[in-house]
Every structure is written in C-alpha cells, then in structure tokens.
Amino acid sequence: KHNPEGDSQFLEDESTKIFARKVAEHYSARTNQTLEEREASPIIHLKKLNNWIKSVLIQLYARRGDAVLDLACGKGGDLIKWDKAKVGYYVGVDIAEGSIEDCRTRYNGDADHHQRRKKFTFPARLICGDCYEARLDNVLADDSPFDVCSSQFALHYSWSTEARARRALANISALLRPGGTLIGTMPDANVIIKKLREAEGLVFGNSVYWIRFDEEFSEKKFKSSSPFGIKYKFHLEDAVDCPEWVVPFHVFKSLAEEYDLELVFAKNSHEFVHEYLKKPEYVDLMRRLGALGDGNQDKSTLSPDEWEVAYLYLAFVLKKRGQPDRT
Ligand code: SAM
C-alpha cells in the first residue's frame, strides 16, 4: 500500500522538470484557432472523432449536478460537453498558463471562435499547476470530493518517473468520492510498441504524424528495465510536437489499484468507435459534431492516415473503491 505521507520518495530530478516545462511550453504556445483555421486543419476529422469519444465518455459517466475535476483541461475544449451533461460544478487544472487563460476566456464566453453561446450554467474554478508534481488535495480541499475526474489525452505525461505517475494517481484517488469515476484517453502502448517493432528504425508514422524513440531505446532494455520514463517524441500535424512517455497499460492498471482505482474498461479508439456507433444516439452525436458525412454510418470522413492516428489511443474508465454516499 502506498503511504500518502511518504513524500520524500517523490522528489524529482532536474531533467524531469525540464521535460515537464517543455510540454507546458509547447501547449502554452498553441494559440486559439479561428473556426476557419480549425476547419482547414489536416486532422479536422480526427479532432472531431476525439471530441465524439470524449462526449460519449461524458454522457456515459457524468450525471446532472455532478462535481467534475478536469485534470489537464487544456483550453477548455470540453466545457460545452460538460454543460450538455448539466454538471453542477467544474474545476479545471492545467500546467500550461496560456491554455488556462484560453480556458478562462472560453468559460467567460468572450471571443469563443468556435461557438457564440450564452454563459455556462455551472460555476467553475480554473487553476494553473502541475497535476503530477503537487499534492492537489490541499489546494482543492474546499472543492472536493468530486463525482467524476476526467483526464483527456494527458495522463501519459505523468509517466516520466514513477514518482509522477504515483502523484497523478494519488491526486485523483484523494479527490474522488468513493464510487466516483475516472474517465480518460491516452496513447495505447500496445499499438505504439507493435508499430515500433514493425518499423525499420526508431521512427514511424504517416502523412499526419510521426513518433521517434530515443537512440538509447532498445527492445531488450524495454523488456527488462523500469516501465517509467520510456520517452519518445510525438509529432501530430497541427496539434502536438513534444516529448511523451509510453504507459504500459497493465502497469497503469495495477498501480491504479494501489490507489483504490479499479479498472472498469479500457478500449482502443477503433474498438470504442465500432462499439458505440452501434447505438443510434451516438451516431446522431457523431453527425452533429461533423465527424460523419451525411448518410454515412462509418468512419468514412476520416482519411486513412487520420484513422491510423486514432488507433494510437485508448479510452479508459476506472472507479474509486467504496460505496457512494449519495444516490
Ligand atoms: N484535456 C484537453 C483536451 O482533451 O482537449 C487537453 C489535452 S492536450 C493533448 C494535453 C494537456 O495536458 C495540455 O493542455 C498540457 O498542458 C497538459 N499537461 C501536460 N502535463 C501536465 C501536468 N504535469 N499537469 C497539468 N497538465 C499537464
């Protein structure tokens, strides 16, 4: 069992901090796009598909009135999804100052390029901070416990060291109520490692992305050494260009259990799409988000290269042990 007081083991070395800064600077520097710029993106359909996956997760697990913690909330792209789920309270935390500023602007309803809309119905608190370094239970003592925690396309940034991965899970566990839910998306290590094996060298990709492992990476070392800190550089056209870390999912699952977080399911995005596109309400949702062409009931508006990027990710749901104290 982990010891919440045993913080000395959570000290970090300088290089870990430098990488965390690199990630933060990368996301901070990405400015809000106009609607026209967004629609012209080479990965516009992938973005819409990812929005659909996040919307489905939110619709499945958030209930009216829920208190929501969005860890690594970015520019607040999910605010509208939470509003549609009629949640009661929202706290967003992100390490990138620029993103939190954009999130605040979007929440306040000014200069939202994507959708002119009325104010959000729920109160919100937006905080700039490193979710994988600082203890958040003190900072959020008055806001917790939360019914739902969401961490979208972000938890893998905690996997640079065991200390950070543990801090991320300790924070989530401490802030969720018993029976509360963690929903998220992150890279699927099985797919990434499979593609690396099939590649000629340490680089692979297509017209919209590439992944490059460091020179020191070797299959032998990968099998024998620590499951943390396995770094690669990820480039996704018009979206990402920064260091990321492989998250072997079986390690994630068992580490999460140490923090009372039990796996409900994990599904690769392809499997997720096939499963939930069987349900008419989610087909409609996909059409409304613009990820499906008129009359199509499949992935046909994504280019094959975008569809391959979707395959790099998985969606997961975990539940905090214990009985809910409300119905
Ligand atoms: N969740 C948002 C979404 O789905 O649109 C943003 C996803 S973006 C791909 C990854 C986010 O993780 C960025 O906003 C980045 O700043 C944030 N992030 C990375 N490391 C973090 C950390 N240590 N603490 C908090 N946020 C972090």
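This is a predicted model: local features need pLDDT of at least 70, side-chain atom pairs count only at pLDDT 80 or more; totals for chains, interfaces and linings use all residues.
Visitor: What makes strand β1 largely enclosed by the rest of the structure?

Guide: Strand β1 covers residues 67–71, and five of its five residues are buried, so the strand is largely enclosed by the rest of the structure. Both of its faces are covered, with Ala 67, Leu 69 and Leu 71 buried on one side, and Val 68 and Asp 70 buried on the other.

Visitor: How do you know that β1 and strand β2 pair?

Guide: Pairing asks for at least two bridges between the strands, and β1 and β2, which spans residues 89–94, have five bridges in the parallel sense, so they count as paired. Within this pairing, Leu 69 has Val 91 of β2 as its bridge partner, and β1 and β2 also belong, together with helix α4 (residues 79–84), to a right-handed β-α-β unit.

Visitor: What makes β1 and strand β4 a pair?

Guide: Against that requirement of at least two bridges, β1 and β4 (residues 146–152) have three bridges, again in the parallel sense, and therefore pair; in β4, Val 148 is the bridge partner of Val 68.

Visitor: Why is Cys 103 said to be in no disulfide?

Guide: A search of the whole structure finds zero disulfides. For Cys 103, the nearest cysteine sulfur is that of Cys 73, 4.3 Å away, whereas a disulfide needs the two sulfur atoms within 2.5 Å, so Cys 103 is in no disulfide.

Visitor: Why is Cys 149 called buried?

Guide: Buried means under 20% relative accessible area, and Cys 149 has 1%, so Cys 149 is buried.

Note on methods: Residues are numbered from 1 along each chain as its sequence is written. Side-chain values use heavy atoms; hydrogens and water are left out. Buried means under 20% relative accessible area, exposed over 50%, partly exposed in between (1.4 Å probe, protein chains only). Helices (H or I, at least four residues) and strands (E, at least two) are DSSP runs, numbered from the N terminus. A crossover is right-handed if, with the strands pointing away from the viewer, the path from the first strand over the helix to the second runs clockwise.
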